[in-house]
Structures are given as structure tokens and as C-alpha cells.
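Please look at the sequence and the structure first.

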Amino acid sequence: MADLIRKSAAPLHPLVPRETETPARAPAALGAFPQLRMRRNRSAAWVRRMVAENRLGTEDLIWPVFVHDGSGRQAVESMPGVDRLGLDCLVDSIGAAGALGIGAVALFPYTEQALKSPDAREAVNPGNLICRAVREVKRALPDIGVICDVALDPYNSDGHDGLLRDGRILNDETVEMLCRQALVQAEAGCDVVAPSDMMDGRIGAVRQALDAAGFDGVTIIAYAAKYASCFYGPFREAVGSGSRLVGDKKTYQMDPANSDEALREVALDLQEGADMVMIKPGMPYLDVIQRVKETFAVPTLAYQVSGEYAMLKAAALNGWLDNDRALLESLTAFKRAGADAVLTYAAVEAAELLNKT
Ligand code: PBG
């Protein structure tokens with residue numbers, strides 16, 4: 001004991017950080033190279049490319065697509081450049097994205113008001129819009145990954161991800177619905193189900209339900225750390241749930257003030273069988289992405305959500321930001337933070353830019 005005390009009191013080498021200090025990362029030898037001029041490694045495009053620590057590629061992009069049950073395209077007002085696609089143009093658009101190198105799409109339905117109900121039963125209808133969309137896309141484009149969102153909000157008359165009774169979101173009753181929803185999506189042929197509802201225990205329950213029905217090959221991406229964020233506003237317009245939302249989602253989505261809690265959410269989802277985890281929103285939560293990746297070293301996805309997209313586009317359309325550079329910089333930041341892939345509404349645009357350079 002005395003020995004230990006003497007040791008820790010011993011003077012440290014000047015380059016060894018004290019325990020109370022943040023450990024120095026790279027430059028343990030800062031000052032040992034007086035000639036070092038950092039700018040040499042930035043002096044030309046070839047050397048910048050050579051020493052780049054992170055690189056964004058088209059394979060890192062996942063494209064979220066809104067689908068509607070009519071024909072043609074419908075603009076989403078709060079997301080300039082984003083359209084809801086009818087089933088008649090869905091396959092062509094996704095095929096074009098695939099040709100650019102985008103590996104996967106995440107489908108989200110715009111649900112007609114008449115199909116919404118307090119028990120969200122349309123969510124488990126094997127003939128619902130999403131299931132029909134999945135069948136068409138997988139039939140025409142078997143090599144593109146198709147991700148389905150598992151949550152009740154597009155189908156729920158009050159806009160919540162879970163079933164609401166007497167002003168409370170019911171956890172376990174919702175999880176049962178989510179399992180049935182994941183099953184109809186798996187039957188339709190999706191590659192991935194992505195529970196985004198934030199109910200407790202849903203990953204384990206969905207995994208069991210899928211396995212029991214023979215869908216052990218279906219991947220689960222858990223929206224593990226999903227925050228109760230105002231940045232989802234434009235999405236809710238796009239899927240037609242915004243004006244319907246009664247109250248907020250704070251009793252199930254996470255408090256933006258927390259990141260230890262995100263680690264617990266991720267740990268639970270992994271324990272329950274998640275193949276990949278997601279952090280959402282993206283850019284305001286880069287620290288969470290970094291902590292999750294460093295702690296668990298599992299495939300970690302970031303979602304650049306609708307509000308982030310809207311901010312970027314609004315500034316670009318006003319001439320206040322350079323659209324292309326802001327887009328690529330924001331996406332590269334996700335890679336730097338540790339994300340393996342990024343969901344972004346600008347995936348097609350980004351892929352075009354990446355293929356140019
Ligand atoms: C619904 C869901 C939401 C998003 C993805 N799935 C909205 C919400 O939780 O209210 C948000 C995506 C975005 O804003 O781009 N479960």
C-alpha cells in the first residue's frame with residue numbers, strides 16, 4: 001500500500017499525462033519535432049487525400065424514401081428536393097440510386113388518414129403500402145438492401161409510435177404489435193427491420209418472433225439511441241403524422257441531455273440481438289456516435305434526419321451555404337465520429353457528387 005502511494009506520488013515523466021488529465025492522443029512527442037510544419041501534409045490535393053483519416057463512399061449511404069399510394073411524385077414542402085414516390089416510379093428511382101453505388105434504402109409510408117386508427121391495425125396488414133412496396137422493389141432489384149421501419153406512428157391516429165390508452169403509451173401491448181408488424185414486413189421480403197419506436201424489450205421480442213417464423217436471416221437495425229428531437233418535424237409532414245401528434249414522445253424517446261443513457265440503450269439492444277445500432281438525430285449527437293462506437297465496436301449507423309436536411313437545404317437555397325460542400329462535410333463528420341453508414345435524404349445527391357470526384 002505504502003509502495004503504491006509512493007509510486008503514484010513519484011514525479012511523472014513530462015510526456016506522461018497525469019491520471020487526472022485527459023490522456024494525450026497522438027502527439028506524445030509534441031515539441032520533440034521542432035521542424036514539424038503541419039501544413040506540409042495539407043499542401044496539395046494528392047497529399048491531403050493520402051493522409052485523409054476518413055473517407056466517405058457511396059457504400060456508406062442509406063437512402064430513406066417516402067412512398068405514397070398514388071402515382072407519380074409528390075413534393076414534401078419542408079424538404080426541398082425530396083418527393084414521396086408512387087409505386088409506379090419507386091423501382092426506377094431506387095434502381096438509379098443503386099447504380100450510383102447506394103447499397104440500401106429505408107422505406108417510409110405516407111398513410112392516408114382513412115387508414116389510421118387508434119389500434120394502428122394497418123401496421124400489421126400484409127397488404128399495406130409498405131409491404132407492397134417491398135415486394136415490388138425486391139422483385140425488381142434483389143441486390144439492393146431494403147430496410148423497413150418498425151413503429152406504429154404512420155398508422156396510429158394520434159401519431160405516436162406506440163399504442164396510447166388514457167394518455168399513456170402502453171409498452172408491452174405495443175411490442176406485440178411491433179412483432180406482428182415486423183413479421184408482415186419480413187414476409188414481404190425486406191432484408192432488415194428497424195424498430196424505431198423505443199419501447200423497452202422490443203428488440204428481443206422482434207428477434208424471437210422472426211426466428212420462430214423462420215426469418216432468422218432478417219437483420220435487425222435498432223434505433224438504439226433515438227432522442228425526443230424537434231429535428232423530426234419535416235419527417236412528420238412527409239408521412240402525414242405531424243398535425244396528428246397528441247403531446248410529445250418524451251416518455252419513450254431519449255432526453256437530449258443524456259449520453260450515458262445512450263450506452264445503456266445500446267447495451268440492451270445488443271444483448272437482445274440487434275445486428276447494428278443507430279443513433280438519431282445525427283449531427284447534434286456526434287458525441288454519442290463516438291461513445292457508442294468506442295464502447296461497443298459494433299456496426300453503428302447515424303441518421304441525418306429530416307430537420308438536419310431541411311436546415312442544410314434552407315441555407316443552401318438562400319445562398320448562405322454552399323450546398324455540395326456542406327452536404328459532404330456533414331456526411332464526412334459522421335464517418336469521423338465513428339459511424340459506419342449514414343441514412344440521409346441527400347443520399348442520391350451525395351452519391352452523384354462522390355462519383356464525380
Ligand atoms: C417514426 C420515425 C421517425 C423518424 C424515423 N422513424 C419520427 C419520429 O420518431 O417522430 C424520423 C426521421 C426523420 O426525421 O428524418 N418512428
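How far does a polar side-chain atom of Tyr 345 lie from an oxygen atom of the ligand? The distance is 2.6 Å. A polar contact here is a pair of N or O atoms within 3.5 Å; within protein, one must be able to donate a hydrogen and the other to accept it, and residues adjacent in sequence count only if both atoms are side-chain atoms. The protein covers 100% of the 400 Å² of accessible area that the ligand has on its own (Shrake-Rupley method, 1.4 Å probe).

A word on the basis of these values. This is a predicted model, in which local features need pLDDT of at least 70 and side-chain atom pairs count only at pLDDT 80 or more, while totals for chains, interfaces and linings use all residues. Residues are numbered from 1 along each chain as its sequence is written, and side-chain values use heavy atoms, with hydrogens and water left out.

For Gln 253, an N or O atom of the side chain is 2.9 Å from an oxygen atom of the ligand.

Where does the ligand sit? Its place is the largest cavity, under the criterion that more than half of its atoms lie within 2 Å of the grid points. On a 1 Å grid over the protein atoms alone, a cavity is a set of points where a 1.4 Å probe fits but cannot get out, and a pocket is an open set with protein on both sides within 12 Å along at least five of seven lines; lining residues have an atom within 4 Å of a point. The largest cavity holds about 140 Å³ of space. Its lining comprises 17 residues, with Asp 153, Lys 226, Tyr 232, Phe 235 and Lys 280 closest to the centre.

The largest pocket has a volume of about 800 Å³. Among its 18 lining residues, Ala 52, Asn 54, Arg 55, Leu 56 and Thr 332 lie nearest the centre.

Methods:
Grid points are joined across faces, edges and corners, and a volume is the space filled by probe spheres set on the points.
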